[in-house]
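I opened this structure to look a few things up and kept short notes as I went along. The entries follow the order in which I looked.

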Amino acid sequence: MNTADHLETVKAHGFLDIANVDIMDSEGEVELPVNYEGHFKPENLAYINVLNNLSIDCDCDSNPKDPEMADIGILAGLDPVALDKCSYDFIINSSDSKKESLIQRMEEKHVIHTVYSLEELGCGSTNYGLIKID
């Protein structure tokens, strides 16, 4: 997938309506340091999941299936594993009658297994608490 495809996908999913988008490797490649001496200290990171225009396809797909599930909202946290578990739980527990194809795709891709494997690897915890902000 090239930068133009990524930008088209970003636009199609409405992300440009809520934030500026910077494709870090749009000039070719980008090199990121793999040390915690700079910006990438875990205590300096926040993670955001936008549960908007939910489709069974990845938002990186330049030709995704049309969204079927209604918007849930924006989730944020300091633990990426907890955030993904929370996002998963929101989808599973949604009252949206059109959630079944997304749940089926998540099951096919073993999404929850991946989340629990990340916890086992020490990347975070599946435990989380919710704070609602309007």
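I began with the surface: the protein chain exposes about 9800 Å², and carbon and sulfur atoms supply 51% of that area (areas come from the Shrake-Rupley method with a 1.4 Å probe, and for residues only the protein chains shown count as cover). I noted that this is a predicted model, in which local features need pLDDT of at least 70 and side-chain atom pairs count only at pLDDT 80 or more, while totals for chains, interfaces and linings use all residues. I also noted that residues are numbered from 1 along each chain as its sequence is written, and that side-chain values use heavy atoms, with hydrogens and water left out.

Next I looked up burial, where buried means under 20% relative accessible area, exposed means over 50%, and partly exposed lies in between, with a 1.4 Å probe and protein chains only. Of the 134 residues in the protein chain, 24% are buried.

Then I turned to the elements, which are DSSP runs numbered from the N terminus, helices being H or I of at least four residues and strands E of at least two. I found 4 helices and 2 strands, in the order α-β-β-α-α-α from the N terminus on.

I looked up a nonpolar surface patch and found one of about 220 Å², made by Leu-7, Leu-16 and Val-21. Patch residues have over 30% relative accessible area and no salt bridge, with like charges joined within 9 Å and nonpolar side chains (Val, Leu, Ile, Met, Phe, Trp, Tyr) within 5 Å; a salt bridge puts a side-chain nitrogen of Lys or Arg within 4 Å of a carboxyl oxygen of Asp or Glu. Leu-16 lies in the loop between α1 (3–12) and β1 (47–51), and is partly exposed at 45%.

In the loop between β1 and β2 (73–77) I stopped at Pro-67, whose C-alpha atom is 4.1 Å from that of Ser-55, although the two are 12 residues apart along the chain. Leaving aside neighbours within four places in sequence, Pro-67 is in contact (heavy atoms within 4.5 Å) with Asn-53, Leu-54 and Ser-55.
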